[in-house]
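Hi,

Here is the structure I promised to pass on. Have a look at it first, and then read my notes below.

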Amino acid sequence: MKPYKTILLSLLILPLPLLLGSCEKEEEIENTRWVLVWSDEFDTPTPDNRPDPSKWTYEKGASGYGNQELQNYTDRVENASYTTHKGLGCLKITALNDNYDGVAYSSARIKTEGLFEQRYGRFEARLKLPYGPGLWPAFWMLGANYATDVWPKCGEIDIMENKGYQPNIVSSALHFPGHSGGNPITQTFGYESQRFDTDFHIFAVEWDESQIDFFVDNVLYKRVKAADVTDGEWVFDHPFFIILNVAVGGTFGGDPTADTVFPQSMYVDYVRVYQKSTEVQPGTNTGDISSNGSIPGWDFNGPDSDKGLIEPELK
C-alpha cells in the first residue's frame with residue numbers, strides 16, 4: 001500500500017514568490033481542507049490484470065479523434081495493465097508499434113465515464129511520463145454532457161499534456177466555446193533540471209464555480225477566472241469525467257520518428273479526487289487523506305528561450 005497520513009490536512013503550497021518571482025501579480029491561495037471522495041491507488045491487481053472495471057472503461061478505435069492521431073486504442077492487457085514500478089503498485093498505459101488490427105500503433109485510453117463524474121473539487125494524479133517524438137500522454141477531463149452539448153460546449157479541462165520530445169515541459173488547457181481547438185486558454189510549466197519521464201510528478205487541478213487552478217507538484221502555475229473570460233462562454237458548471245491516455249502522433253506534438261523507441265509507457269501511481277470539506281454531503285463515503293505530495297529537489301530558474309521553457313504566469 002502507498003503510505004499516506006489518515007488525518008485530514010490543509011493543502012500545503014510552496015511560496016509563490018520563490019517560484020514565480022517575476023509575476024506581476026501574486027494571487028492568494030485558499031488554504032482549503034480537502035476530503036477524499038474517490039480514488040484508484042492501483043495497489044491491488046484485478047484477476048485479469050486490467051484496469052478495475054468498477055472504476056474505468058475504455059475508449060476504443062483508430063479514428064484519429066479529430067487530431068490526426070495514429071494509434072488504435074484497445075482494451076488489451078498489453079496496452080493497460082497493473083505493474084510494480086519503483087516499488088509502487090501502478091497502472092501502466094503502454095504505446096506499442098505492433099501493427100494491431102492493421103494499425104501501426106496501439107495504446108489505451110481509459111475513462112471514468114458513466115462510473116464516476118463530479119462537479120468541482122481537486123483532481124490529481126501522480127504520473128511518470130513516456131518519452132520520445134510522437135508520444136502524447138495526457139490526464140484530462142471532459143464534460144459528462146458531451147452527447148447533448150457537443151464539444152466544445154461540454155467543456156474540456158486538460159490537466160496535463162506533454163509533447164514526448166520535450167521531457168521537461170508539460171502544459172494545461174481549457175477548451176470551451178470561443179477557446180477551443182487551436183485556441184484554448186493554455187499555459188506551459190517547465191523544469192530546468194528535472195524530467196517528467198524519469199520520476200513521478202503530481203499533476204492537479206482545483207476547480208470551483210469561480211475559477212480553475214492548475215498545479216504541478218503542488219505549485220500553482222495557472223489560474224483562469226470565470227469573470228475574466230469575456231470572449232467565450234464559461235461552461236464549467238456541470239460534472240466532468242476523468243481520462244488517462246497515451247496518444248501516438250497527431251497535431252499536438254507531431255508523429256514518431258526513427259528515433260522514437262517503443263514500447264513507451266505512462267505509469268500511474270494513483271488518481272485521487274477531493275471535495276472541499278464544506279461541500280461533502282452527510283453520508284458520503286470518504287477517506288480522509290492529505291493531498292500534499294510535493295516532490296523534493298525541484299529546481300525552476302525561470303524562462304530559458306533556448307530550451308523552450310516558458311515561465312509560469314498567473315493572470
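A residue counts as buried when its relative accessible area is under 20%. Y191 comes in at 2%, so Y191 is buried. Keep in mind that this is a predicted model.

Now the rings. Searching the whole structure turns up 19 aromatic pairs. One of them joins Y191 and F196: the ring centres are 5.5 Å apart and the planes stand at 35°, so this pair is tilted. F196 is buried too, with a relative accessible area of 1%. F196 also pairs with F203, again tilted, at 5.7 Å centre to centre and 45° between the planes. F203 has a relative accessible area of 0%, so it is buried. Elsewhere, ring pairs tie Y120, F123, F176, W207, W234, F236 and F240 into a cluster.

M160 sits in strand 10 (residues 156-161) and is buried, at 0% relative accessible area.

As for the sheet, seven strands form an open one in the order 2-7-16-9-10-11-12, paired antiparallel. Strand 2 (57-59) and strand 12 (185-190) are the edges; each has a single partner strand, so one side of each has no neighbour in the sheet. Strand 12 pairs with strand 11 (residues 169-175) over six bridges, and A173 faces T186 of strand 12.

Two charges over rings to check as well: the charged end of R76 lies over the Y100 ring, 3.9 Å from its centre, and that of K163 over the F252 ring, at 5.1 Å.

Cheers

Methods. Residues are numbered from 1 along each chain as its sequence is written. This is a predicted model: local features need pLDDT of at least 70, side-chain atom pairs count only at pLDDT 80 or more; totals for chains, interfaces and linings use all residues. Side-chain values use heavy atoms; hydrogens and water are left out. Helices (H or I, at least four residues) and strands (E, at least two) are DSSP runs, numbered from the N terminus. Buried means under 20% relative accessible area, exposed over 50%, partly exposed in between (1.4 Å probe, protein chains only). Two strands pair if DSSP finds at least two bridges between them. Rings of Phe, Tyr and Trp (its six-membered ring) pair if their centres lie within 6.5 Å; planes under 30 degrees apart count as stacked, over 60 as edge-to-face and the rest as tilted. A charge sits over a ring if NZ of Lys or CZ of Arg is within 6 Å of the ring centre and within 35 degrees of the ring normal.
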